[in-house]
Amino acid sequence: MDFRLLVDLCESLEKITRRNLMVEVVAEFLKGLSEDEVEPAISMILGRAFPKYDQRTLDVSWTTLNNVIRHLTRAEWRSFHAVFRETGDVGETAQTLFKNSVAHRQSALLERPLTILEVRRIFEHIAESKGQGSRERKERLIESLLSRATPLEVKYLVKILIGEMRTGFQEGLMEAAVSEAFSISLKDVQRASMLTGDIAEVAYLCKKHGGVGILNLGFKIFRPIKPMLAQMAKGFEEVFKEHGGKTALEYKLDGARIQIHMSRGDVRIFSRRLTDVTKSLPEVASLVRNEIRAREAILEGEVIAVSGDGKPMPFQHLMRRFKRVYEIDKIAKSVPVKLYLFDALYIDGESLINLPYDERRRKLREIVGDIPLTEQIVTSDLSEAKSFLKRAVDEGHEGLMAKRPSSPYFPGARGKHWFKIKDVLPPLDLVIVAAEYGYGRRHNWLSDYYLAAKGSKGFTIVGKTFKGLTDDEIADLTKRLKEIAVGEEGNRVIVLPKIVVEVAYNEIQESPKYESGMALRFARITRIRDDKMPDEADTIETVRTIYEGQFRRKARVSV
Ligand code: AMP
């Protein structure tokens with residue numbers, strides 16, 4: 001199938017707001033795909049070059065892509081800015097530049113239309129370009145791809161290359177479309193999607209084998225599963241109400257979540273972004289190999305950095321472990337980590353995800369050897385819960401997780417089965433969408449940041465801050481932001497929404513300043529969250545929930 005048809009589909013999705021209609025048009029489109037096209041097409045519609053579990057990445061920097069666009073269209077950086085100011089979207093900006101380029105129009109006329117499979121093959125070549133000279137090779141490949149594309153195709157190729165689709169058509173809707181296209185119940189499709197971790201692969205199996213293709217799916221060891229997520233609790237009252245009067249509280253450790261897969265002594269560790277981080281955590285891998293009393297297992301836990309006396313160290317130290325690609329042994333000595341396990345999804349051929357939390361925890365305890373579990377109590381008593389929270393915070397942890405004792409494990413789902421509880425207004429994970437140069441000593445640095453929450457189509461600004469980071473961090477961030485800059489307005493640099501930061505604040509105010517209608521008061525960045533993807537940033541609904549929760553709290557104080 002021609003890539004043009006996929007692009008036409010995305011273009012129409014941008015204009016549709018009704019979800020049912022979106023699902024219908026995508027389902028119709030899926031029916032027309034051949035077996036080989038199903039997975040690549042679905043990945044691309046979702047803005048990905050490869051399926052989610054795939055460890056291949058394009059690794060194309062914005063600088064590289066920007067060079068290619070300007071080279072092919074002969075556009076100046078200034079005219080890129082001017083167009084970007086009007087469109088506000090990098091894909092559309094590229095489209096306009098290509099439309100206006102005489103040189104491109106002439107050369108593209110002579111080309112054969114791109115097909116979906118050709119686009120995928122070129123993505124594969126881009127991903128395979130590694131090592132010395134890879135940047136030039138990638139540039140040449142992207143150049144040959146874009147020079148064959150129509151301006152509208154360029155718009156979507158650029159969106160996929162930078163990983164920002166913004167059509168509002170997300171994975172949940174794709175599950176509905178797959179269910180409709182292949183006449184398989186939504187429940188079965190969702191279950192399969194959760195087990196394989198990728199809706200594109202599920203669709204391929206449906207196309208190839210029909211409904212039976214996904215009925216007997218099980219876990220695949222070494223294929224990471226989407227982690228179950230937690231929702232922010234307004235307070236213990238809400239937790240007890242939702243959990244039927246009794247809840248399991250665990251320390252919420254301030255570290256990095258890992259998913260451990262083990263089969264006959266072979267261990268692989270995945271981050272919460274589902275990338276393989278085994279090499280960064282050699283001592284954790286060998287601990288698991290030595291301690292776990294099972295042939296095969298998929299387990300979850302948190303690693304935290306600890307100082308010599310076993311106390312938790314700030315999160316930033318831990319991130320150094322993941323960033324380091326050489327001399328791992330050296331950093332393993334200076335930043336020791338400790339593993340705490342908290343869940344078991346699979347043990348020796350048996351999937352545990354439909355078992356209740358307390359039973360999974362019991363099975364986990366049976367096989368962990370000397371590896372500690374997260375500190376836990378099961379309680380129905382408010383004052384006991386409060387003193388457990390105080391203990392956690394006094395010991396240097398972030399707060400608590402509250403888990404419904406009877407809850408199965410829901411991969412990839414955020415809901416009220418798991419709550420996170422903190423004793424202050426919870427920090428938000430927000431994305432930097434623009435930055436301004438500072439004053440005085442900071443005039444060369446992008447040190448004032450616009451912070452945005454996730455909306456249904458793109459990001460929306462909820463605050464701005466120049467507080468919280470060290471000079472070194474600001475210098476480093478300036479470099480990174482310049483690499484993803486897409487526009488300039490006076491002192492302000494607009495950037496691709498790539499960098500997630502954790503932000504603390506004193507209050508959320510109503511404010512006409514931003515489109516969201518809300519603004520964080522006294523916002524300050526507490527850490528750079530390179531372990532989170534922009535997609536995992538807090539949503540505008542979360543910000544609103546906290547905003548509304550403040551009033552409840554205030555009202556309570558005043559009675
Ligand atoms: P957040 O990243 O703020 O959405 O909070 C959820 C995260 O808390 C998980 O992804 C884990 O990395 C982390 N976490 C820390 N302790 C626990 C625990 N005991 N159970 C589950 N998650 C935990």
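The shell around the ligand in this predicted model is made up of eight charged residues, four nonpolar ones and one polar one. Of these 13 residues, E250, R272, E302, K403 and K420 come nearest to the ligand. Strand 2, which runs over residues 247–252, and strand 9, covering 399–403, each supply at least two residues of the shell. Strand 2 provides the largest share, with three residues.

In the side chain of E302, an N or O atom lies 2.6 Å from an oxygen atom of the ligand. K403, one of the residues that come nearest, places a side-chain N or O atom 2.9 Å from a nitrogen atom of the ligand. K252 also takes part, with a polar side-chain atom 3.1 Å from a ligand oxygen atom. On its own, the ligand has 500 Å² of accessible area, and the protein covers 95% of it. As for where in the protein the ligand is found, it sits in the largest cavity.

Turning to the chain as a whole, the fold comprises 22 helices and 19 strands. The radius of gyration is 24 Å, close to the 24 Å that the globule rule gives for 559 residues, so the chain is as compact as a globular protein of that length.

How values were computed: Residues numbered from 1 in each chain as written. Predicted model: local features only at pLDDT ≥ 70, side-chain atom pairs only at ≥ 80, totals over all residues. Heavy atoms only, no water. Near = heavy atom within 4 Å. Polar contact = N/O pair within 3.5 Å; in protein donor to acceptor, adjacent residues only side chain to side chain. Areas by Shrake-Rupley, 256 points an atom, 1.4 Å probe, with all protein chains shown as cover. 1 Å grid on protein atoms, 1.4 Å probe; cavity = no way out; pocket = protein on both sides within 12 Å on 5 of 7 lines; lining within 4 Å. Sits in = over half its atoms within 2 Å of the grid points. Helix = DSSP H or I, 4+ residues; strand = E, 2+ residues; numbered from the N terminus. Nonpolar A, V, L, I, M, F, W, Y, C, P; charged D, E, K, R; others polar. Rg over C-alpha atoms; globule rule 2.2 N^0.38 Å.
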